[in-house]
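Please look through the sequence and the structure below before reading on.

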Amino acid sequence: MINTKELKKIAIEVRKRLMKLIYEAKGGHTGGSLSSVDVLVALYFHTLKINSKNPKWEDRDRFILSKGHSVEGYYCVLEKAGFITEETLSTYGKFKSLLAGHPTIKVPGVEINSGALGHGLSVGVGMALAAKRDKRDTRVFVLMGDGEQGEGSIMEAANASGHYKLDNLTAIIDRNRLQISGNTEDVMALDCLEGRWKAYGWEVKQVNGNNMEELIETLDVLPLEKGKPTMIIANTTKGKGISFIENIAAWHHKVPTEEQYIQSIQELDKQLEELK
Amino acid sequence: MENTIPCRKAFTDKLIELAKKNKNIVALTSDARGSVTLDKYAETLPEQFIELGIAEQNAVGVAAGMALSGKTAFVCGPACFYAARSFEQVKVDVAYTKTNVKIIGVSGGVSYGALGSTHHSLQDIASMRALPDLTVILPCDIYQTEKMTESLALFEGPAYVRMGRGAVPNVYTPENVPFEIGKANILLDGNDITLIGCGETVYHVYQAALKLKDKGINARVIDMHTLKPIDKAAIIASVNETRAIITVEEHSIYGGLGSAVAEIVVQNKPLPMKIMGLPDENSIHGSSKEIFKHYGLTADNICQTAVDLIHSLQ
């Protein structure tokens with residue numbers, strides 16, 4: 001079992017690698033990748049029952065990145081977890097790379113093609129239902145964006161999850177409060193999230209999604225209530241970890257300059273130092 | 001050729017038979033178990049049935065998730081909704097992800113007649129056949145529907161199927177119903193003109209050919225049950241061996257069977273063609289039969305169109 005301090009270290013290393021990835025590819029979704037890193041690391045290095053040597057292992061837990069645009073953080077986590085090699089990762093952004101700008105099942109470890117928002121939860125419901133019908137103890141995890149909550153199809157899936165009492169399904173919202181056009185509350189208000197999901201029959205918990213201890217503590221006690229799907233609203237900071245990127249909507253898919261890239265690595269290295 | 005069983009019923013009866021033998025077959029629907037005639041399936045095989053309520057986008061996504069967990073998922077409901085409302089789920093979760101999902105669109109075309117354009121699906125061939133890796137099939141009678149259902153249960157990969165609501169006359173017999181995905185059936189051979197139909201128009205096209213025979217014109221009749229992948233060889237053979245082609249479809253004249261055939265024809269050896277279908281307008285309201293008649297999708301009119309086309313060549 002990897003301890004929490006080690007998980008935090010992995011998260012910083014992933015942030016360093018994803019900044020390099022975006023800097024070199026000259027494109028990517030910087031802010032949303034950075035906000036969701038801690039959730040991904042907690043899942044891949046602590047919670048998920050998976051095997052990178054056998055990505056299609058039948059009894060594995062399933063993870064779906066419904067907010068497919070946060071792909072840079074995802075690819076870096078998949079590399080760190082041993083699903084893809086550093087050599088493959090370094091082809092990101094290049095012509096004919098295995099790694100497209102949104103996840104595809106061609107990449108070992110990726111369960112669905114995503115990128116169009118509002119699809120992941122329905123697919124997760126299908127996987128959770130299949131597991132229930134087959135009496136397998138597979139668990140399904142779906143990571144969504146907060147801006148993504150505008151998609152109506154998510155509410156259809158929310159409804160079905162409650163109806164079928166899918167307590168093997170956990171959804172996580174990366175609640176970083178910013179979407180491409182600005183503050184989520186200005187674009188389309190979302191602060192009713194908790195009540196909305198409860199009304200659909202989900203057990204809901206709000207956590208600090210950039211706090212590894214809090215994440216682990218919650219992920220260790222799933223489902224939060226037997227007979228109910230679990231919703232974890234992970235309150236995060238968009239651009240987490242890099243001072244000049246944090247909480248700036250423009251960094252949704254802004255690419256760092258050389259100077260900014262160097263500064264970001266320096267800041268992350270400092271955080272690594274502080275961990276020791 | 002008389003028949004009182006709708007194709008959707010032939011489909012569900014066959015699906016029950018197959019699902020009893022194969023526990024990995026699941027049927028999903030969106031409050032359409034009555035429309036599809038899935039009631040008996042739901043009663044007989046509750047563990048292999050999933051009701052999603054009126055939520056077609058979710059139904060297709062859930063079907064994809066089940067397929068990714070080893071199921072052969074048949075998601076069934078009105079063609080008008082699955083081909084439009086959930087199109088992005090079909091594009092991404094089914095076709096792009098190449099999941100083993102069969103989208104069964106019932107009461108397609110103008111089957112819902114008087115209910116109007118909200119309930120007609122006259123653009124589905126155009127949209128569905130533009131999706132890479134999605135097989136598109138329109139069966140023409142109950143025997144072909146049964147055979148197709150058997151084939152689909154064994155076929156690994158995404159497919160869209162459209163069938164009508166009412167009972168239609170039989171084209172095939174239980175003893176003689178050749179069906180292979182992607183391989184068109186030649187129902188009648190001839191060298192003067194080729195008539196191609198799909199789904200419910202196949203019967204009318206065949207009747208038209210019989211009328212043409214009385215006038216001394218030998219028409220070749222092709223049942224193009226698979227719109228994608230389309231049988232290129234059958235079309236090219238018609239280009240080389242007959243003098244003109246008429247396509248007849250219960251679909252907009254844009255982007256459907258006619259377009260698919262024309263794409264092959266003009267890129268090989270151009271031949272005079274006539275595309276018969278629904279014009280570019282929101283169709284009139286009436287029974288399916290009345291709408292077919294209004295737009296000339298009848299044996300008499302197909303026959304006359306063929307005569308006129310042949311005369312224009314001389």
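Predicted model: local features only at pLDDT ≥ 70, side-chain atom pairs only at ≥ 80, totals over all residues.

Residues are numbered from 1 along each chain as its sequence is written, chains are lettered from A and ligands numbered from 1 in the order in which they are written, and side-chain values use heavy atoms, with hydrogens and water left out.

The largest nonpolar core holds 73 residues, and Leu121(A), Trp197(A) and Leu28(B) have the most contacts inside it. Such a core is a set of buried Ala, Val, Leu, Ile, Met, Phe, Trp, Tyr and Cys residues joined through side-chain atoms within 4.5 Å, where buried means under 20% relative accessible area, exposed over 50%, and partly exposed in between (1.4 Å probe, protein chains only). Domain 1 (7–162) and domain 2 (185–312) of chain B both give residues to this core, so it lies between them; the bounds of these domains come from an automatic or database domain assignment. Leaving aside neighbours within four places in sequence, Leu121(A) is in contact with residues including Val142(A), Met144(A), Ile154(A), Leu169(A), Trp197(A) and Trp202(A), contact meaning heavy atoms within 4.5 Å. Apart from this core lies another, of 54 residues, among them Val41(A), Val71(A), Leu78(A) and Leu89(A).

Where the two chains meet, 25 residues of chain A are in contact with 25 residues of chain B. Chain A and chain B bury about 2,000 Å² between them, 52% of it on carbon and sulfur atoms; buried area is the accessible area (1.4 Å probe) that two parts lose on being put together, summed over both. On the side of chain A, His119(A), Arg133(A) and Glu156(A) lose the most area to chain B, together 30% of what that side buries. Nine residue pairs, both members at pLDDT 80 or more, are in polar contact across this interface, a polar contact being a pair of N or O atoms within 3.5 Å; within protein, one must be able to donate a hydrogen and the other to accept it, and residues adjacent in sequence count only if both atoms are side-chain atoms. Of the elements of chain A, α5 (120–133) and α6 (152–163) each supply at least two residues of the side that touches chain B, and α5(A) gives the most, with eight residues. Helices (H or I, at least four residues) and strands (E, at least two) are DSSP runs, numbered from the N terminus.

Within chain B, the C-alpha centres of domain 1 and domain 2 lie 26 Å apart. Here 28 residues of domain 1 of chain B are in contact with 32 residues of domain 2 of chain B, and the area buried between these domains is about 2,000 Å², of which carbon and sulfur atoms give 53%. Val110(B), Leu122(B) and Arg129(B) supply 31% of the area that domain 1 of chain B buries against domain 2 of chain B, more than any other three residues. Two salt bridges are found across this domain interface, a salt bridge being a side-chain nitrogen of Lys or Arg within 4 Å of a carboxyl oxygen of Asp or Glu. Arg129(B) also forms a salt bridge with Glu263(B), the closest N and O atoms being 2.6 Å apart.

Gly209(A), in the loop between β6 (203–208) and α9 (212–219) of chain A, counts as buried at 0% relative accessibility. Thr170(A), in strand β3 (residues 169–175) of chain A, counts as buried at 4% relative accessibility, and its contacts beyond four places in sequence include Val140(A), Phe141(A), Leu222(A) and Ile232(A).

Over all chains, 35 salt bridges are found. Asp61(A) forms one with Arg139(A), with the closest N and O atoms 3.3 Å apart. Asp61(A) lies in the loop between α2 (30–47) and β1 (62–65) of chain A and Arg139(A) in the loop between α5 and β2 (140–145) of chain A, so the pair ties together parts that are 78 residues apart in sequence. Asp61(A) is buried at 2% relative accessibility, whereas Arg139(A) is partly exposed at 26%. Between chain A and chain B the count is one salt bridge, and the side chains of Asp134(A) and Lys71(B) meet in a salt bridge (2.6 Å, N to O). Asp134(A) is partly exposed, with a relative accessible area of 31%, while Lys71(B) is buried, with 3%.
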